[in-house]
Structures are given as structure tokens and as C-alpha cells.
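Visitor: I have a structure on my screen and some questions about what packs against what. Could you walk me through it?

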Amino acid sequence: MNLVRFKQNKPNNGIDRIFNDFFGGGMLPSSFVESNSHVPAVNIVENAKSFHIEIAAPGYDRNDFNVDIDGKALYVNAETANTNEEEGSSYTRREFSKSSFTRSFTLPDTVDINKVSGHYENGILFIEIPKKEEAIEPAPRRVKIK
């Protein structure tokens, strides 16, 4: 299975940040609106019958994930938005945060895309991609010599 990297577009210096804060950010400095875009860590394990993908994505709900298969590509993305509000006697403070990621994987011809399944548990998204029956290699055995 091949891994396709996702490239993030981030400002690389202070001038870019100032430009983006005033012209690209709707005149609000980036400290007012927090946006986290990251690429989570992934484990990929292959065994005789399937591939297992584990994506470390804490802080999400299972409904935040979209897993799509298009041709030979598997796309995993998630997005969540939170609002924290604190009120005092003479003030109200709100903080908005948004977190998202996208990962894509190239699937080999040996997988059965109609049987892909997944679940989310304890901050980890588990995806199981079974192999086609004809792609499963028989278990090794020893031939008895007479």
C-alpha cells in the first residue's frame, strides 16, 4: 500500500503572517480565530488476509470522519469546530477553534473495496481493508518426502 503525503500550506515567515492576518483573514489577527490543520500519525499493518490502518486522531467524534474510496484511492478526512465561551461580571469571552485533516492512500489491486470497514475508539480511527480471496496466499506447509 502506498502512502500519499498531504502538503500543508502554512505561512513561512512573519511577513506572510501579517499579510494573511490583514488581507487573507478578514482583518482579524490569527490570535482571534484558531485553526489547527495537522496530519495525524498513521500505522499500516499488512497480514495474510487484510490491511489494518490506525490513525491517531484524538478529540474527534466518530461522526466527524469521512472515509471515501474513489477508484484505487482511500481518502480519510475529519473536521470539527468548537466554541468556548466564558462570561464574567463585565465581559464575555469566546474562542473559536477548528481542527481538520486529510489523508489519502493508494490501494493495491489485491483489496476488496466492497468490504472495507472502520470504527473509532479511544482517539484512534481503525480501518480494515480485506484482501480478495484470490489474493490471499495459502499458509506455508511442509511436503512430506516418501
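Visitor: Which residues have the most contacts inside the largest nonpolar core?
Guide: Keep in mind that this is a predicted model. The largest nonpolar core has 17 residues. Strands S4 (50-56), S6, S7 (92-106) and S9 (124-130) each supply at least two residues of it. Those with the most contacts inside it are Phe65, Leu74, Val76, Phe101, Ile127 and Ile129.

Visitor: How many aromatic pairs are there, and is the pair of Phe65 and Tyr120 stacked, edge-to-face or tilted?
Guide: The structure holds four aromatic pairs. For Phe65 and Tyr120, the ring centres are 4.8 Å apart and the planes sit at 50°. Stacked needs under 30 degrees and edge-to-face over 60, so this pair counts as tilted.

Visitor: How far apart in sequence are the parts that this pair ties together?
Guide: Phe65 and Tyr120 are both buried. Phe65 lies in strand S5, while Tyr120 belongs to strand S8 (residues 117-121), so the pair links parts that are separated in sequence by 55 residues.

Visitor: Which residues form one aromatic cluster with Phe65?
Guide: Leaving aside neighbours within four places in sequence, Phe65 is in contact with residues including Ala57, Asn77 and Leu125. The aromatic residues Tyr60, Phe101 and Tyr120 are among its contacts too. Phe65 forms one aromatic cluster with Tyr60, Phe101 and Tyr120.

Visitor: What is the bridge partner of Ile69 in S6?
Guide: Strands S5 (residues 65-70) and S6 (residues 73-87) run antiparallel, joined by six bridges. Two residues lie between them in the hairpin, where Gly71 takes a positive phi near 65°. In S6, the partner of Ile69 is Leu74.

How values were computed. Residues are numbered from 1 along each chain as its sequence is written. This is a predicted model: local features need pLDDT of at least 70, side-chain atom pairs count only at pLDDT 80 or more; totals for chains, interfaces and linings use all residues. Side-chain values use heavy atoms; hydrogens and water are left out. Two strands pair if DSSP finds at least two bridges between them. Helices (H or I, at least four residues) and strands (E, at least two) are DSSP runs, numbered from the N terminus. Rings of Phe, Tyr and Trp (its six-membered ring) pair if their centres lie within 6.5 Å; planes under 30 degrees apart count as stacked, over 60 as edge-to-face and the rest as tilted. Buried means under 20% relative accessible area, exposed over 50%, partly exposed in between (1.4 Å probe, protein chains only). A nonpolar core is a set of buried Ala, Val, Leu, Ile, Met, Phe, Trp, Tyr and Cys residues joined through side-chain atoms within 4.5 Å. Contact means heavy atoms within 4.5 Å.
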